[in-house]
Amino acid sequence: MALLATLTAACSVVPGGGDLEDKTVLTNQPVDQSAMLSMLNSYRQQNGLPPLRHDPELDAVSQKMARHIAERDSMQTWAHSAFGLSQRLDKAGYANYAAAENLGAGYADLSAAFRGWQGSEGHNKNLLNPYVTSVGIARTNRNTGKWRNFWVMTLARPFADGRPTLR
């Protein structure tokens with residue numbers, strides 16, 4: 001019986017110390033910022049709104065959130081709330097008048113994520129928010145799990161827009 005247990009245990013180990021289970025690997029993916037701005041600003045223009053500008057600081061905030069939800073393979077987290085976004089922007093030193101964010105999971109590319117946001121009342125409201133002036137976006141892939149692709153778009157109006165900056 002001891003020999004059978006030893007053989008069974010040996011079958012579950014891969015040479016080199018690994019096991020047969022896939023390890024979860026998260027990979028931050030580049031997002032075409034000019035394509036994102038083109039889609040978003042064209043959509044805003046069609047709705048009578050001014051264009052937004054790309055803000056790399058919002059990319060960084062978005063990337064941290066994309067990684068956060070990818071780690072969980074879920075968008076259900078306290079961090080995805082008005083309080084959570086405000087706290088994350090404060091932690092990043094991003095003083096702002098207004099902010100909003102869109103999360104998406106499962107979309108294979110930027111166009112699909114954008115269409116998904118347009119088709120959701122709350123997300124679409126964020127895309128057409130008249131109080132924001134800046135945007136950042138990020139994507140994290142996950143090699144295992146249900147969703148695989150996690151997108152976050154953060155929109156904001158920093159205090160630097162019309163007021164002395166606090167940064």
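At 42% relative accessibility, R72 counts as partly exposed; the class lies between buried, under 20% relative accessible area, and exposed, over 50% (1.4 Å probe, protein chains only). E71 is also partly exposed, at 46%. The two residues form a salt bridge, with the closest N and O atoms 3.3 Å apart. A salt bridge here is a side-chain nitrogen of Lys or Arg within 4 Å of a carboxyl oxygen of Asp or Glu. The model is predicted, with local features needing pLDDT of at least 70 and side-chain atom pairs pLDDT 80 or more, while totals for chains, interfaces and linings use all residues. Residues are numbered from 1 along each chain as its sequence is written, and side-chain values use heavy atoms, without hydrogens or water.

The structure holds two salt bridges. In the other pair, E101 meets R88, and the closest N and O atoms are 2.7 Å apart. E101 lies in strand β3 (residues 96–105) and R88 in helix α4 (residues 82–91), so the pair ties together parts 13 residues apart in sequence. Both E101 and R88 are buried.

The protein chain contains six helices and five strands. Helices (H or I, at least four residues) and strands (E, at least two) are DSSP runs, numbered from the N terminus. Along the sequence the pattern reads α-β-α-β-α-α-β-α-α-β-β. Of the 167 residues, 44% count as buried. Contacts are taken as heavy atoms within 4.5 Å. Among contacts with a separation of 6 or more, 72% join residues 24 or more positions apart. The chain exposes about 9,400 Å², and carbon and sulfur atoms supply 56% of that area. Accessible areas come from the Shrake-Rupley method with a 1.4 Å probe; for residues, only the protein chains shown count as cover.

Helix α3 covers residues 56–72 and has 17 residues. From first C-alpha to last, α3 reaches 25 Å, close to the 24 Å expected at 1.5 Å a residue. The expected span is 1.5 Å times one less than the number of residues. At the start of α3, a side-chain oxygen of D55 reaches to within 2.8 Å of the backbone nitrogen of E57. The buried residues of α3 include L58, V61, M65 and I69. An α-helix has 3.6 residues a turn, so residues three or four places apart point the same way. Just after α3, D73 takes a positive phi of about 55 degrees.

The largest nonpolar core has 20 residues. Such a core is a set of buried Ala, Val, Leu, Ile, Met, Phe, Trp, Tyr and Cys residues joined through side-chain atoms within 4.5 Å. M36, L40, V135, I137, M153 and L155 have the most contacts inside the largest core. Helices α2 (33–46) and α5 (110–118) and strands β4 (134–142) and β5 (149–158) each supply at least two of its residues. A second, separate core of nine residues includes M65, A66, A105 and F150. In soluble globular proteins, nonpolar side chains tend to be buried together. Beyond four places in sequence, L155 touches L40, L52, A98, A99, A100, N126, V132, S134 and V135.

R44 sits in helix α2. At 0% relative accessibility, R44 counts as buried. A polar atom of its side chain lies 2.9 Å from the backbone oxygen of P50. Leaving out residues up to four places away, R44 touches L49, P50, L52, L127, L128, N129, P130 and V132.

K23 lies in the loop between α1 (2–11) and β1 (26–29). K23 is exposed, at 57% relative accessibility. Its C-alpha is 8.3 Å from that of N143, 120 residues away along the chain. Beyond four places in sequence, K23 touches N143 and T144.

R148 lies in the loop between β4 and β5. R148 is partly exposed, with a relative accessible area of 38%. Its phi is near 75 degrees, a positive value in a residue other than glycine. Most residues other than glycine have a negative phi. N149 is found in strand β5 and is buried, at 11%. The side chains of N149 and N141 make a polar contact at 3.4 Å. A polar contact is a pair of N or O atoms within 3.5 Å; within protein, one must be able to donate a hydrogen and the other to accept it, and residues adjacent in sequence count only if both atoms are side-chain atoms. Other residues in contact with N149 include G104, A105, Y107 and R139.
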